[in-house]
Amino acid sequence: MALLIITFGFIAAGIVGRGEPAGADARAYWAGVRIWLNGGDPYHPTGPFLPYVYSPWMLPLFAPWALLPWDVAWFVWRGGTIVALLWTIEWAYRQRPLETAVVVALLGFPIGANLDTGNINLLLTLMLWATRFSGPVLAGFMWSIATWMKWAPALLFPILAPRARLWGLLFLAASVILSLATLPLTVMQLQAIVGFGARPLRLDYLVFLWALIPVLWAREHPFDWLRPRVWRGAAARLRLRPAVRPDFRRRLRDYLGLEAS
């Protein structure tokens with residue numbers, strides 16, 4: 001508990017110290033929707049706003065929140081994120097107190113950075129967390145949205161339940177189709193992304209590791225994958241002769257939650 005208090009103290013001090021400059025990323029989402037609703041170009045905004053850089057068909061997803069005045073919208077955005085984050089920490093702490101405190105401390109900087117800027121990374125992480133407690137359709141939808149907005153959630157595909165993986169791929173295919181259907185704006189989106197130029201190392205992306213906690217904490221030994229014997233066993237299985245390897249098609253169907261034919 002002391003470790004959590006110290007970590008939250010540093011995060012809070014950083015957020016308070018930033019003051020007014022905080023929320024630049026969230027303001028970009030907010031302004032992008034308002035510019036779009038007024039017939040403007042959210043990818044090349046005028047004024048003190050960063051460009052909106054996500055798919056054009058996702059703009060309506062932000063609309064209910066973006067119609068709020070900025071001060072209210074920012075309070076709702078960051079306040080809601082903090083409440084949801086604390087809920088996940090409380091759940092993890094009840095399972096494994098010390099391990100949870102250590103992980104939160106290690107991820108303190110990326111958590112604080114995302115809370116400071118209002119970047120959607122942390123909200124997407126919480127969505128990925130929720131996939132472990134949702135039905136397959138909703139879980140697949142949340143993973144596909146997170147993946148189409150950022151590249152990092154694609155690496156967390158294995159944490160989905162088998163049937164959710166199938167739905168996730170279907171929704172991801174639908175995302176591709178929607179982006180192609182809005183192709184002129186999608187081209188502008190890509191131009192806006194390239195326009196940022198070279199970027200520094202994105203340590204704030206490490207916050208996505210928090211989405212692994214429900215999976216790890218469900219294991220009897222959550223960190224056994226760090227032991228050399230586990231990797232030796234995995235290497236031995238890869239060296240199995242083709243004749244004794246499980247059928248690839250059957251394994252794929254099981255992986256995606258399809259019923260065996």
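How many salt bridges does the structure hold? One. A salt bridge here is a side-chain nitrogen of Lys or Arg within 4 Å of a carboxyl oxygen of Asp or Glu.

Before the details, some ground rules. This is a predicted model, where local features need pLDDT of at least 70 and side-chain atom pairs count only at pLDDT 80 or more, while totals for chains, interfaces and linings use all residues. Residues are numbered from 1 along each chain as its sequence is written, and side-chain values use heavy atoms, with hydrogens and water left out.

Back to the salt bridge. Arg-94 and Glu-90 form it with their side chains, at 2.7 Å from N to O. Both sit in helix H4, four residues apart, so about one helical turn separates them. Helices are DSSP runs of H or I, at least four residues long, numbered from the N terminus. Arg-94 is exposed, at 52% relative accessibility. Glu-90 is partly exposed, at 37%. On those words: buried means under 20% relative accessible area, exposed means over 50%, and partly exposed is in between, with a 1.4 Å probe and protein chains only.

Next, helix H7, residues 121–130. Seven of its ten residues are buried, so the rest of the structure largely encloses it. The buried ones are Asn-121, Leu-122, Leu-124, Thr-125, Leu-126, Leu-128 and Trp-129. What covers them? The cover includes helix H4 (70–95), helix H6 (108–117), helix H8 (136–149) and H11.

A cavity is a set of points on a 1 Å grid over the protein atoms alone, where a 1.4 Å probe fits but cannot get out; lining residues have an atom within 4 Å of a point. The whole structure has one cavity of 30 Å³ or more. About 50 Å³ of space lies in the largest cavity. Volume here is the space filled by probe spheres set on the points, which are joined across faces, edges and corners. H4, H6 and H7 each give at least two residues to the lining. H4 has the largest share, with four. Among the lining residues are Trp-74, Trp-77, Asn-114 and Leu-122.

Now an open space. A pocket is an open set of grid points with protein on both sides within 12 Å along at least five of seven lines. The second largest pocket has a volume of about 430 Å³. It has 16 lining residues, and those closest to its centre are Leu-209, Leu-212, Leu-216, Phe-223 and Trp-225. Helix H5 (97–106) and H11 are the elements that supply two or more lining residues. H5 gives the largest share, four residues.

Stay with Leu-209. It is found in the loop between helix H10 (183–195) and helix H11 (213–217). At 43% relative accessibility, Leu-209 is partly exposed.

Last stop, Tyr-54. Tyr-54 lies in the loop between helix H2 (24–37) and helix H3 (59–66). Is Tyr-54 buried or exposed? Buried, at 6% relative accessibility. Leaving out residues up to four places away in sequence, Tyr-54 touches Tyr-29, Tyr-43, Ile-120, Met-149, Lys-150 and Gln-189. Contact means heavy atoms within 4.5 Å. Thr-186 is 132 residues from Tyr-54 along the chain, yet 8.6 Å separates their C-alpha atoms.
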